Amino acid sequence: MTRVQLTDLDWEFIEPYLPIGEYGPYPERLRQQYEGVIWRFKTGGQWREMPTEFGAWSTVHNRFRQWRDAGVFEALLEGLITEAAKRGEVDLSLVSIDSTTARAHHEAAAGMHLDEDVVTPWRKPRPRRRRPGQRGRPRRAKRAETESDPALEERRRIRRRRKLRLKAALLGRSKGGQTSKVHLAADRKCHPLAFILATGQAADSPQFIPVLKKVRVRGPVGRPRVPPDAVAGDNAYSSRGNRAHLRKRRIKAVIPEKKDQAANRKKKGSRGGRPVNHDADLYKERNTVERLINKLKARRGIATRYDKTPDSYLAGRHRLASMIWIKDLTRTTR
């Protein structure tokens with residue numbers, strides 16, 4: 001027998017967010033199927049290896065895909081954050097942002113299926129552009145030779161299709177293999193607030209504003225967004241665009257400046273602007289997001305990506321983040 005993960009109090013928070021049809025019988029073993037999803041992301045095993053206590057693995061997998069496509073896990077996370085805000089459990093005095101890399105399994109996460117309408121435009125090679133500094137016309141003889149070679153053209157088509165699959169699956173190349181990068185935000189109490197998935201080789205700074213915009217805390221009235229008092233991040237998020245975004249919204253930036261940026265600013269003299277200052281004592285509390293990353297990576301299905309599609313992997317992240325909120329809410333309820 002497998003160990004039960006959910007208590008009756010935990011299920012009271014989850015059950016209202018599971019979509020039920022208006023007509024027809026109530027789905028049987030709904031709680032066991034949700035337990036099966038928890039088992040899959042906890043162990044990282046294949047769906048076919050799921051114990052029979054959760055029901056047929058195909059039924060649990062189809063149920064997970066239905067919940068994923070309906071946005072159940074993301075809605076559950078937002079609903080729990082709203083409930084925690086009503087109880088005063090959300091501390092937005094400081095929001096910390098960081099990123100972590102998840103290595104993709106070379107067999108389980110590879111080979112994402114693409115529709116035919118997506119692959120068709122990539123079958124034909126793109127026209128070559130003149131490189132910077134290139135003089136004269138390109139060599140027509142060499143180009144005609146490569147176009148007349150069917151084997152070479154087939155290898156290029158396979159290479160373009162592989163690149164398109166990696167781009168659609170949000171997988172990037174690195175020394176450790178195929179990886180994805182998760183950008184996340186945490187409040188002052190080490191609670192998850194938002195997630196964004198990107199390719200493994202992508203820079204951190206461009207994802208700063210998107211992940212900050214996903215921080216939503218619904219209040220009794222008005223827009224479902226409460227700006228934090230301060231945002232902390234390491235020097236990878238140091239850029240003029242990010243600082244201007246925070247300054248425009250009157251949010252305190254707790255981000256150290258890079259050495260090369262400081263050198264370029266000093267080189268410009270008075271035109272370089274004022275020196276960047278940040279609260280060093282407040283920056284020490286950025287460890288909340290790093291502790292949250294350790295909590296999330298305690299599950300094998302989250303520490304390593306076994307899902308082909310990025311939506312499935314993000315759904316597992318949202319589900320685990322929801323359980324972190326539920327554990328704190330049930331602790332205050334008792």
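## Overall fold

Among contacts in the chain with a separation of 6 or more, 68% join residues 24 or more positions apart. The model is predicted. Its chain has 14 helices and 7 strands. Of the 334 residues in the chain, 42% are buried.

## The nonpolar core

In soluble globular proteins, nonpolar side chains tend to be buried together. Here the largest nonpolar core holds 64 residues. Ile 14, Tyr 34 and Ile 97 touch the most other members. Helix H14, residues 310–333, gives the largest share of this core, with 10 residues.

What does Ile 14 touch, leaving aside its neighbours within four places in sequence? Its contacts are Leu 6, Tyr 34, Leu 76, Met 323 and Ile 326. Tyr 34 also takes part in the meeting of two helices, H2 and H3.

## Where H2 meets H3

Two packed helices are described by the angle between their axes and the distance between the axes. Helix H2 spans residues 30–43, and helix H3 spans residues 57–69. Their axes come within 9 Å and cross at roughly 85°. An angle from 65 to 115 degrees counts as roughly perpendicular, so H2 is roughly perpendicular to H3.

Which residues make the contact? H2 brings Leu 30, Gln 33, Tyr 34, Gly 36, Val 37 and Phe 41. H3 brings Thr 59, Val 60, Arg 63, Phe 64 and Trp 67. In this contact of H2 with H3, 7 residues are nonpolar, 3 are polar and 1 is charged.

## Salt bridges across the chain

How many salt bridges does the structure hold? There are 15 salt bridges. One of them joins the side chains of Asp 8 and Arg 31, at 2.9 Å from N to O. This pair links distant parts of the chain. Asp 8 is in helix H1, residues 8–14, while Arg 31 is in helix H2, and the two are 23 residues apart. Asp 8 has 54% relative accessibility, so Asp 8 counts as exposed. Arg 31 has a relative accessible area of 24%, so Arg 31 is partly exposed.

Asp 279 forms a salt bridge with Lys 252. Their closest N and O atoms are 3.4 Å apart. Asp 279 sits in the loop between helix H10 (259–268) and helix H11 (280–283). Lys 252 belongs to strand E6, residues 252–254. The pair therefore ties together parts that are 27 residues apart in sequence. Both partners are partly exposed: Asp 279 at 27% relative accessibility, and Lys 252 with a relative accessible area of 41%.

## A salt-bridge network

Asp 98, Arg 286 and Glu 290 are linked in a network of salt bridges.

Is Arg 286 buried or exposed? Buried means under 20% relative accessible area. Arg 286 has 9%, so Arg 286 is buried. Glu 290 has a relative accessible area of 33%, so Glu 290 is partly exposed.

## A buried loop residue

Where is Ile 255? Ile 255 is in the loop between E6 and H10. Its relative accessibility is 0%, so Ile 255 counts as buried.

The contacts of Ile 255 reach beyond its sequence neighbours. Not counting residues up to four places away in sequence, Ile 255 touches Phe 208, Val 231, Gly 233, Asp 234, Tyr 237, Ser 238, Arg 243, Leu 246, Val 276 and His 278. Take Val 231 as an example. Ile 255 and Val 231 are 24 residues apart in sequence, and their C-alpha atoms are 7.9 Å apart in space.

Most residues other than glycine have a negative phi, and most peptide bonds are trans. Cys 190 has a positive phi, near 65°. Arg 250 also has a positive phi, of about 60°, although it is not a glycine.

Cys 190 lies in the loop between strand E3 (177–186) and strand E4 (192–199). Arg 250 lies in the loop between helix H9 (240–248) and E6. Cys 190 is buried, with a relative accessible area of 1%, whereas Arg 250 is exposed, with a relative accessible area of 79%.

Conventions:
Residues numbered from 1 in each chain as written. Predicted model: local features only at pLDDT ≥ 70, side-chain atom pairs only at ≥ 80, totals over all residues. Heavy atoms only, no water. Core = buried A, V, L, I, M, F, W, Y, C linked by side-chain atoms within 4.5 Å. Buried < 20%, exposed > 50% of the residue type's maximum accessible area, 1.4 Å probe, protein only. Helix = DSSP H or I, 4+ residues; strand = E, 2+ residues; numbered from the N terminus. Contact = heavy atoms within 4.5 Å. Axes fitted to C-alpha atoms, helices over the stretch in contact; angles between N-to-C directions. Parallel < 35°, antiparallel > 145°, perpendicular 65-115°, else oblique. Nonpolar A, V, L, I, M, F, W, Y, C, P; charged D, E, K, R; others polar. Salt bridge = Lys/Arg side-chain N within 4 Å of Asp/Glu carboxyl O.
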